[in-house]
Amino acid sequence: MLTVICPIYNEEKYIGRCIESIMQQDYPKNDLEVLFVDGMSTDRTREIIASYLSQCPYLRVLDNPQKIVPYAMNKGISEAKGDIIMRLDGHSLYPSNYFSELVKWHNKLPDAWNIGGVCETKVVNSNKISEAIAKVMSDKFGVGNSTFRTGSDKEYLEVDTVPFGCYKSFVFDRIGLYNEKLVRVQDIELNKRLAHAGGKIYMVPSIHCTYIPRDNYGDFFKNRFQTGYWVIKTCFITHTTKNLGLRHFIPAGFVLALLLPLLLGFLWWPLFLISPLVALLYLACMLMRSIQINDEKTTVCNLLKAFCCIHFSYGLGSLKALVDGLFKKE
């Protein structure tokens, strides 16, 4: 049996599309259970799910009073009946062969403990801002060497993490459950534990799901700020930096390169010159990349704003976590 766990909270804008894509899966429904673990939504999320329950006896809703993803996943895992456990995201859509392909690849790669595919970023409400955000979220200049966002031409490859992983159920007996102290980036930490225990994680680029990003700069900035914050916060909680790759620290270094010379310049004025030089170099690179990926769906100006959002918000979030970790007591 396959158990699918989907943590949700206030997803009324997206949950209907998510359920429709689950209903269209070609995986045998009599061998499937789907657990929506709800963080006590205050919008119409549960009402929308309830409208599908009569059509989908394999759907169940569980309560998540703690409201955070790792608790939702752990509750779902404790209820799971499947020998394969898959995580989904309510902000995403899945092609009809998504479940069956991931299970098939588990059979083809018997040493795999976790398998995932590429997470394409596409918009539902298309406008010049949302299209710019989607492009930046799929571009190497925006997200670095995050293979599950940028893709690969290989049939399959071993990676350090995948989005919405599909795990053999014994994994959680071997390495433990999700760390409930981590509000975000808990998948990265779990997958590092998995790799340290000798397990393998594979990405199959031919398997795609679609992530629906925030469609305005304000929400996008907040989302990336929180991700940047929890990437560094994770290091203080787990007392190691081994859970993260170099790409996770670059935005914080970039923002420091802009801000630190402005402070040190009061001690030696030539240091003031470093900040504008870094800013001009970044602007030149960002402008060149924006021109390269621009098309009729968006504009260079919107792409510039989206790149600034993703880099500055992530970097500022990381710096805040660094300050909190060094100077604030929990």
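The following dialogue considers how several features of a predicted model may be read.

Student: Let us begin with the strands. In what sense do E1 and E2 pair, and over how many bridges?

Tutor: The model is predicted, and that should be kept in mind throughout. Strand E1 (2-8) pairs with E2 in the parallel sense, over seven bridges. Within this pairing, threonine 3 stands opposite glutamate 33 in E2.

Student: Are the residues of strand E2 buried or exposed?

Tutor: Burial is judged by relative accessible area, with buried meaning under 20%. In strand E2 (residues 32-38), seven of the seven residues are buried. Both faces are covered: Leu32, Val34, Phe36 and Asp38 lie on one side, while Glu33, Leu35 and Val37 lie on the other.

Student: Which parts of the chain are linked by the salt bridge between arginine 87 and aspartate 187?

Tutor: To read such a contact, one considers both the distance and the positions of the partners in the chain. The side chains of arginine 87 and aspartate 187 meet at 2.5 Å, N to O. Arginine 87 belongs to strand E4 (residues 84-87) and aspartate 187 to helix H9, so the pair links distant parts of the chain, 100 residues apart. Arginine 87 and aspartate 187 are both buried.

Student: With which residue does arginine 289 form a salt bridge?

Tutor: Arginine 289 forms a salt bridge with aspartate 139, and their closest N and O atoms are 2.6 Å apart. Because arginine 289 lies in helix H12 (residues 274-293) and aspartate 139 in the loop between helix H5 (128-137) and helix H6 (140-143), the pair ties together parts that are 150 residues apart in sequence. Arginine 289 is partly exposed, with a relative accessible area of 28%, whereas aspartate 139 is buried, at 7%.

Student: Returning to H9, how many of its residues are buried?

Tutor: An α-helix has 3.6 residues a turn, so residues three or four places apart point the same way. H9 is mostly covered, with eight of its 11 residues buried. The buried residues are Gln186, Asp187, Ile188, Glu189, Leu190, Asn191, Lys192 and Leu194.

Student: Which value does phi take in the residues around this helix?

Tutor: Just after H9, glycine 198 takes a positive phi of about 100°. Valine 185, in the loop between helix H8 (170-175) and helix H9 (186-196), has a positive phi of about 50° although it is not a glycine. At 13% relative accessibility, valine 185 counts as buried.

Student: Where does asparagine 10 lie, and what is its phi?

Tutor: Asparagine 10 lies in the loop between strand E1 (2-8) and helix H1 (15-23). Its phi is near 50°, a positive value in a residue other than glycine. Asparagine 10 counts as partly exposed, at 29% relative accessibility.

Student: Finally, which residues line the largest cavity?

Tutor: Rolling a probe the size of a water molecule over the atoms shows where empty space is left. In this model the count comes to one cavity of 30 Å³ or more, and the largest cavity holds about 40 Å³ of space. Its lining consists of Met137, Tyr211, Pro213, Arg214, Phe220, Asn223 and Arg224. These divide into four nonpolar, one polar and two charged residues. Helix H10 (residues 217-238) gives the largest share of the lining, three residues.

Technical notes. Residues numbered from 1 in each chain as written. Predicted model: local features only at pLDDT ≥ 70, side-chain atom pairs only at ≥ 80, totals over all residues. Heavy atoms only, no water. Helix = DSSP H or I, 4+ residues; strand = E, 2+ residues; numbered from the N terminus. Buried < 20%, exposed > 50% of the residue type's maximum accessible area, 1.4 Å probe, protein only. 1 Å grid on protein atoms, 1.4 Å probe; cavity = no way out; pocket = protein on both sides within 12 Å on 5 of 7 lines; lining within 4 Å. Points joined across faces, edges and corners; volume = space filled by probe spheres on them. Nonpolar A, V, L, I, M, F, W, Y, C, P; charged D, E, K, R; others polar. Pairing = 2+ DSSP bridges. Salt bridge = Lys/Arg side-chain N within 4 Å of Asp/Glu carboxyl O.
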